[in-house]
Amino acid sequence: MTNSKTNNKPNIICTWVGSVEIFRVDGTEADICDAARRSTGKDLKNDSELTDRDKALIKKLFLEEHTSPFEMVGVVFHIKCPLFVLGQLVRHRTFSFNVFSQRYSEVGNQESISEDFYIPDVVFKQPEDRFKYTSNEYVDSKLLEEFNEDLRELSKLALLKYKKFRDLIPKEQRRFFLPTNTMTSLILKGDLHNLIKFFKLRLADDCQFETRIIATSMYSLVKSRFPVVAELFEREVLTGCRYSEIQKFKL
Ligand SMILES: Cc1cc2nc3c(=O)[nH]c(=O)nc-3n(C[C@H](O)[C@H](O)[C@H](O)COP(=O)(O)OP(=O)(O)OC[C@H]3O[C@@H](n4cnc5c(N)ncnc54)[C@H](O)[C@@H]3O)c2cc1C
């Protein structure tokens with residue numbers, strides 16, 4: 001198993017929604033091959049350099065959905081995101097999480113309101129079709145400013161009320177004032193098989209925009225560590241699913 005923190009691949013991606021950082025990488029693509037070769041009792045290579053035969057093996061495993069070797073490797077992320085994104089991340093039951101506790105720790109210690117609360121850079125127009133979650137069209141800058149002004153005002157008020165009862169009421173109840181755009185942080189651990197399932201859902205067009213940004217950042221970091229699997233994922237899974245273009249978002 002390899003801890004990739006020491007190599008020169010990107011470790012962190014900061015976006016306007018939050019940040020995603022590699023905390024630990026468990027294994028390499030060679031470990032996927034080694035796990036698969038257990039099926040036939042062949043010698044393990046213990047070598048991180050992939051041969052063409054290894055790449056062909058990964059392709060075969062991927063296409064035939066022989067998924068368990070992909071569970072032998074994975075990534076642990078440190079993620080900073082708003083609470084409403086956290087709510088969607090934790091729906092993925094095969095991941096393990098440890099989340100910042102609003103029972104143990106005080107919220108609102110950052111220097112500016114936009115570090116404690118998510119204030120969006122873009123806001124979309126209400127779609128005419130009421131069955132659609134969102135549109136692809138941004139509102140104009142005037143409406144964005146008005147929206148953000150109200151959001152900033154509400155966030156400041158929430159924090160003021162939260163702090164007002166500081167010496168009287170515990171954090172676990174003062175947090176009732178905190179809105180869903182409050183920033184939080186967590187550790188998320190996922191194996192590659194389930195990360196792929198997650199990316200299929202959360203890189204798709206119909207995923208909440210902000211969650212998609214966080215998922216796209218996670219994907220970029222995973223891709224840099226598991227490029228052969230990522231290429232297969234893009235070619236075999238994303239083509240034809242609800243996904244449009246990963247690079248659509250500037251990270
Ligand atoms: C666009 C979008 C909109 C959504 N809207 C809503 C919504 O309105 N309300 C809402 O509640 N949720 C909503 N969700 C969440 C969604 O219903 C899933 O709970 C979430 O995406 C996790 O998917 P999953 O179960 O495949 O993933 P995971 O929980 O990570 O599971 C991964 C895989 O493990 C297997 N698995 C895990 N648990 C079980 C189990 N108990 N039984 C059998 N197999 C299991 C399945 O194969 C599953 O695909 C939405 C998701 C998306 C992407």
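Colleague: Which helices do the buried residues of helix 1 pack against?

Modeller: They pack against helix 2 (52–63) and helix 9 (227–238). Contact means C-beta atoms, placed from the backbone, within 7 Å. Helices are DSSP runs (H or I, at least four residues), numbered from the N terminus. Keep in mind this is a predicted model: local features need pLDDT of at least 70, side-chain atom pairs count only at pLDDT 80 or more, and totals for chains, interfaces and linings use all residues. Residues are numbered from 1 along each chain as its sequence is written.

Colleague: OK, and how many residues of helix 1 are buried?

Modeller: Seven of the nine in helix 1 (residues 29–37), with buried meaning 20 or more other C-beta atoms within 10 Å of a residue's own. They are Glu29, Ala30, Asp31, Ile32, Cys33, Asp34 and Ala36.

Colleague: Switching topic, at what angle do helix 7 and helix 8 cross?

Modeller: Roughly 140°, and the axes (lines fitted to C-alpha atoms over the stretch in contact) of helix 7 (residues 192–202) and helix 8 (residues 209–225) come within 10 Å. That makes helix 7 oblique to helix 8, as angles under 35 degrees count as roughly parallel, over 145 as roughly antiparallel, 65 to 115 as roughly perpendicular and the rest as oblique.

Colleague: Which residues make the contact?

Modeller: Leu195, Phe198, Phe199 and Arg202 from helix 7, with Thr211, Arg212, Ala215, Tyr219 and Val222 from helix 8.

Colleague: And what surrounds the ligand?

Modeller: Arg91, His92, Arg93, Thr94, Asn194, Lys197, Leu201, Asp206 and Cys207, each with its C-beta atom, placed from the backbone, within 6 Å of the ligand.

Key: Buried ≥ 20, exposed ≤ 12 C-beta atoms within 10 Å, placed from the backbone. Helix = DSSP H or I, 4+ residues; strand = E, 2+ residues; numbered from the N terminus. Contact = placed C-beta atoms within 7 Å. Axes fitted to C-alpha atoms, helices over the stretch in contact; angles between N-to-C directions.
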